[in-house]
Amino acid sequence: MTVLVTGASGRTGSRVAAAAQAAGLTVRAASRATGFDWADRSTWAAALRGADAAYLMHPADIGHPSAAGAIGALAGEAVAHGVRHLVLLSGRGEDQARPAEEAVEASGADWTVVRAAWFAQNFSEGPLVEGLRQGELVFPAGEVAEPFIDVRDIADVVVAALTAGDRYASRTLELTGPRPLSFREALAEISKAAGRDFAYIPVSAREYGEALTGFGIPPEEAAVLIEIFETLLDGRNSHVTADVREVLGREPRDFADFVAEAAAAGTWGV
Ligand SMILES: NC(=O)c1ccc[n+]([C@@H]2O[C@H](COP(=O)([O-])OP(=O)(O)OC[C@H]3O[C@@H](n4cnc5c(N)ncnc54)[C@H](OP(=O)(O)O)[C@@H]3O)[C@@H](O)[C@H]2O)c1
């Protein structure tokens with residue numbers, strides 16, 4: 001089976017590619033580095049030709065209005081090229097992501113939607129890391145609890161869905177880690193393992209959006225993110241689900257294991 005993996009150099013895509021390879025699938029890695037561009041439809045056919053399945057993630061937040069149109073268009077072209085199974089990465093509790101999910105559900109392919117909790121790897125890879133290097137996390141999460149998920153578990157579930165025939169077709173899976181932690185508690189675990197204190201500075205979503213525009217994010221993009229943060233971080237996602245256990249037959253990785261490994265790799269070193 002050949003699987004197209006979008007975002008193959010990103011947090012989830014790189015792990016999906018590795019897990020798919022380990023499962024014996026042929027991986028076609030898609031990102032701008034390999035000539036695939038979400039913003040340029042002329043690059044899509046070469047990526048899709050001969051693929052049997054695809055892992056779809058959108059580089060903008062999946063709830064961003066631009067995501068649904070692009071995902072729907074790519075899903076349609078995928079089906080026209082004979083791709084039979086689409087697995088979409090979505091956000092848990094994110095009403096704004098429904099249009100993108102609906103676009104995949106209406107594609108005509110077998111589909112599986114994977115709604116993920118907040119990634120543990122947001123603390124080790126991506127835009128928050130720069131602030132952490134300075135010793136702080138400024139974020140609009142208040143004291144809300146979130147069952148952080150290790151992106152390797154997302155990848156394992158994606159590959160299980162791709163290799164289980166139609167068992168997870170027409171299914172929406174909600175993936176969480178095994179225990180809810182507030183961002184303050186998560187940072188305390190990181191501080192202990194890294195041997196360095198990190199300050200958690202909760203701010204309002206609006207203040208956070210203003211900071212984003214200060215970093216050059218266009219105001220309309222920031223407005224979308226503010227709305228998403230305001231709704232997502234209101235406690236609706238604090239409970240854990242059993243979907244990782246159902247699909248993989250094991251418990252999801254614990255946040256403490258992620259922290260120990262990332263600390264040992266020097267991620268938050270002084
Ligand atoms: N962070 C969370 O906690 C969380 C939770 C649930 C869902 N999500 C969803 O996860 C998605 C992001 O996934 P991720 O964190 O795995 O990605 P990521 O780490 O942000 O990486 C983005 C990937 O997309 C590629 N990319 C960027 N622009 C592109 C373009 N124009 N055309 C083609 N490829 C492009 C990048 O590679 P190149 O730069 O080489 O192109 C990279 O491989 C979002 O839709 C978000 O809503 C996130």
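**Close-up views of a predicted model**

**View 1. Helix α9 and the elements around it.** Helix α9 spans residues 219-232, and its 14 residues reach 20 Å from the first C-alpha to the last, close to the 20 Å expected at 1.5 Å a residue. Like every view here, this one is drawn from a predicted model. Buried positions in α9 are Ala222, Val224, Ile226, Ile228, Phe229 and Leu232. The buried residues of this helix pack against α3 (65-80), β6 (136-139) and α8 (205-214).

**View 2. The open sheet of 6 strands.** The strands follow the order β2-β1-β3-β4-β5-β8 and pair in parallel. β2 (26-30) and β8 each have a single partner strand and stand at the edges, so one side of each lacks a neighbour in the sheet. From one strand to the next, the twist averages 20°.

View 3. β4 and β5 run parallel and are joined by 7 bridges. Leu86 stands opposite Trp111 of β5. Helix α1 packs on the sheet with contacts to β1, β2, β3 and β4, and its direction makes about 165° with that of β1. Helix α4 (residues 98-105) also packs on the sheet, where it touches β3, β4, β5 and β8; the direction of α4 makes about 160° with that of β5.

**View 4. The largest nonpolar core.** In soluble globular proteins, nonpolar side chains tend to be buried together. The largest nonpolar core in this model has 32 residues, of which Tyr55, Ile154, Val158 and Leu175 touch the most other members. Two or more residues each come from β1 (2-6), α1 (11-22), β3 (53-56), β4 (85-91), β5 (110-116), α6 (151-163), β8 (171-175) and α10 (243-248). Helix α6 supplies the largest share, 9 residues.

**View 5. Surroundings of Val158, and another core.** Leaving aside residues up to four places away in sequence, Val158 touches Val16, Tyr55, Val87 and Val114. Apart from the core that holds Val158 lies another core of 31 residues, with Leu137, Phe183, Leu232 and Phe255 among them. Leu232 is also one of the buried residues of α9.

View 6. An unreviewed UniProt entry lists residues 2-234 as "domain: NmrA-like". The end C-alpha atoms of this span lie 40 Å apart.

Terms used
Residues are numbered from 1 along each chain as its sequence is written. This is a predicted model: local features need pLDDT of at least 70, side-chain atom pairs count only at pLDDT 80 or more; totals for chains, interfaces and linings use all residues. Side-chain values use heavy atoms; hydrogens and water are left out. UniProt positions are given in the numbering used here, feature names are shortened, and annotations may be inferred rather than shown by experiment. Helices (H or I, at least four residues) and strands (E, at least two) are DSSP runs, numbered from the N terminus. A nonpolar core is a set of buried Ala, Val, Leu, Ile, Met, Phe, Trp, Tyr and Cys residues joined through side-chain atoms within 4.5 Å. Buried means under 20% relative accessible area, exposed over 50%, partly exposed in between (1.4 Å probe, protein chains only). Contact means heavy atoms within 4.5 Å. Two strands pair if DSSP finds at least two bridges between them. Axes are lines fitted to C-alpha atoms, for helices over the stretch in contact, and angles run from 0 to 180 degrees between N-to-C directions. The expected span of a helix is 1.5 Å times one less than its number of residues.
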